[in-house]
Amino acid sequence: MHHRPRRLRRTAGIRRLTAEIRLHSADLVLPMFYREGAAQPLPISSMPGVVQHSLDSLRREATEAASAGVGGVMLFAVPEERDEVGSRALDPAGPLAVAVAAVKQEIGDAVPVMADVCLDEFTNHGQCGVLDSAGQVANDETVARYADMSVVLAQAGADVLGLSGMMDGQVGAARAALEQSGHPDTVLLAYAAKYASAFYGPFREAVDSQLDGDRRSYQQDPANRKEALREAELDREEGADIIMVKPAMSYLDVLADIADSMTVPVAAYQVSGEYAMIEAAAASGWIDRDAAVLESLVAIKRAGADIILSYYATPAMLPAFAR
Ligand code: PBG
């Protein structure tokens, strides 16, 4: 027998030498939640180990993550008050702008500070945009608000803006507004292929979402694969610097397609429900938690992600891997 593929699997050293990919802490971006007015961190029951931060604990965890070498932090905010049009999202003194400024002050340029550009945390109906008279999310009015929100967050110090609303033309509008307001270097991370997914469930608890209904008229249909390439191409033309696929684990085919066809960095978001499933199964003793966490991250990277947003990027939650 000439061919014995098992030769390359015999010892840990040989396996390590011949591994096709390896995880690095710089691949991982930690999403974090700031709850306006919180005096101490509050647990999120469906995401054990993840919290709604106070400003102090947000600063602390961001600093720890930066020292552990994460590739970035992605900030979300939970406002004290909500309205029809998500006004607090555009307020320079609103919770997301405040969180960005606080974290930026703490970690500077060492690790990029990213912020979510979307209205869902800020509206009293929980949709990602403003509603028209028929109760539908109005695309162009929403995009105009994202553009203003982008400028506010860039002003607050965000290095990267995550456009997660799935409105048509949102990347182009944000890019134009940033150019016009003197922020030509702000990086746009476009959630090009964001699917209408049940795996966002725990996130809704994390941001106290007021949503009653679904987002199927703007997020993508899980049945569609080619449509994701179309969305990614449009976002590129509009000025996206990084293209994201979300969720990650149920969409590895889409991720692989986009990674193959794009020349920009590609990100994938291991979302709240993916995290919750691993945690719940591990807590029941049904899977080996650390092995499952590492396998899931390796799989996402193998499929083509250059960058992985994951709640496991936090130093306390991440099992050790070769750095
Ligand atoms: C929208 C947004 C969502 C997530 C990230 N950005 C929620 C949604 O679209 O329903 C979900 C992230 C997760 O589930 O971990 N602001």
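Modeller: Let's start with contact, which means heavy atoms within 4.5 Å. This is a predicted model, where local features need pLDDT of at least 70, side-chain atom pairs count only at pLDDT 80 or more, and totals for chains, interfaces and linings use all residues. Residues are numbered from 1 along each chain as its sequence is written, and side-chain values use heavy atoms, with hydrogens and water left out.

Biologist: Okay, which residues does M149 touch?

Modeller: Setting aside residues up to four places away in sequence, M149 touches A89, L90, L96, D116, V117, C118, L119 and F122.

Biologist: And how many residues does the largest nonpolar core have?

Modeller: The general idea is that in soluble globular proteins, nonpolar side chains tend to be buried together. A nonpolar core is a set of buried Ala, Val, Leu, Ile, Met, Phe, Trp, Tyr and Cys residues joined through side-chain atoms within 4.5 Å. Buried means under 20% relative accessible area, exposed over 50%, and partly exposed in between (1.4 Å probe, protein chains only). Here the largest core has 104 residues, and M149 is among those with the most contacts inside it, as are F33, V73 and L153.

Biologist: How do I read helix packing, say at what angle α3 and α4 pack?

Modeller: Two packed helices are described by the angle between their axes and the distance between the axes. Axes are lines fitted to C-alpha atoms, for helices over the stretch in contact, and angles run from 0 to 180 degrees between N-to-C directions. Helices (H or I, at least four residues) and strands (E, at least two) are DSSP runs, numbered from the N terminus. In this model, α3 (residues 95–107) and α4 (residues 139–156) pack at about 25 degrees, with axes 8 Å apart. So α3 is roughly parallel to α4, given that angles under 35 degrees count as roughly parallel, over 145 as roughly antiparallel, 65 to 115 as roughly perpendicular and the rest as oblique.

Biologist: Which residues of α3 and α4 meet?

Modeller: From α3 come L96, A97, V100 and A101, meeting M149, V152, L153 and A156 in α4.

Biologist: Is Y34 buried or exposed?

Modeller: Y34 counts as buried because its relative accessibility is 8%. You'll find Y34 in strand β1 (residues 28–35). Its contacts, beyond four places in sequence, include H53, S54, F76 and A99.

Biologist: Where is S54, then?

Modeller: S54 lies in the loop between β3 (51–53) and α2 (55–67). With a relative accessible area of 4%, S54 is buried as well. Leaving out neighbours within four places in sequence, S54 contacts Y34, A38, A39, Q40 and P41.
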